[in-house]
Amino acid sequence: MVFDKNNNEVKIGSWVKVLFIEPDFVSTFPYNIAKTLKAMINNTYEVIDIEHGKAIVHQSFDGVHGFSLALTSEEMELVNKN
């Protein structure tokens with residue numbers, strides 16, 4: 001099971017607010033992608049999968065490209081259960 005920072009269970013279909021993305025991770029990407037990643041903070045996303053104890057959310061860049069992010073408990077807060 002996966003939990004958010006408040007120990008609420010997070011499942012596929014739940015909506016979570018992204019609280020934190022490691023700056024060292026963000027800095028490994030080109031500027032335009034890094035900017036999109038930073039913009040994910042404080043926004044809400046649907047959990048599309050659970051893998052290795054992390055909640056997976058997705059952000060599209062355009063009609064073709066996107067980015068999936070694996071969030072740990074301290075990086076997210078449950079907003080709405082499915």
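Modeller: Two strands count as paired if DSSP finds at least two bridges between them. Keep that cut-off in mind as we look at this predicted model.

Biologist: Happy to! What makes strand E3 and E8 a pair?

Modeller: Strand E3, residues 15–18, meets E8 over four bridges in the antiparallel sense. The cut-off is at least two bridges, so they pair. You can look for Trp 15, which stands opposite Asn 80 in E8.

Biologist: Which order do the strands of that sheet follow?

Modeller: The order is E4-E3-E8, in an open sheet of three strands with antiparallel pairing.

Biologist: Why is one side of E4 and of E8 left without a neighbour in the sheet?

Modeller: Strand E4 (44–46) and strand E8 (76–80) stand at the edges and each has a single partner strand, so one side of each has no neighbour there. Neighbouring strands of this sheet are also turned by 40° against each other on average, direction ignored.

Biologist: Now to E5 and E6. How do you know that they pair?

Modeller: Strand E5 (residues 49–51) and strand E6 (residues 54–60) share three bridges in the antiparallel sense. Pairing needs at least two, so they qualify. Ile 50 stands opposite Ala 55 in E6. The two strands form a hairpin with two residues between them, and His 52 in the turn has a positive phi of about 50°.

Definitions and conventions: Residues numbered from 1 in each chain as written. Predicted model: local features only at pLDDT ≥ 70, side-chain atom pairs only at ≥ 80, totals over all residues. Heavy atoms only, no water. Axes fitted to C-alpha atoms, helices over the stretch in contact; angles between N-to-C directions.
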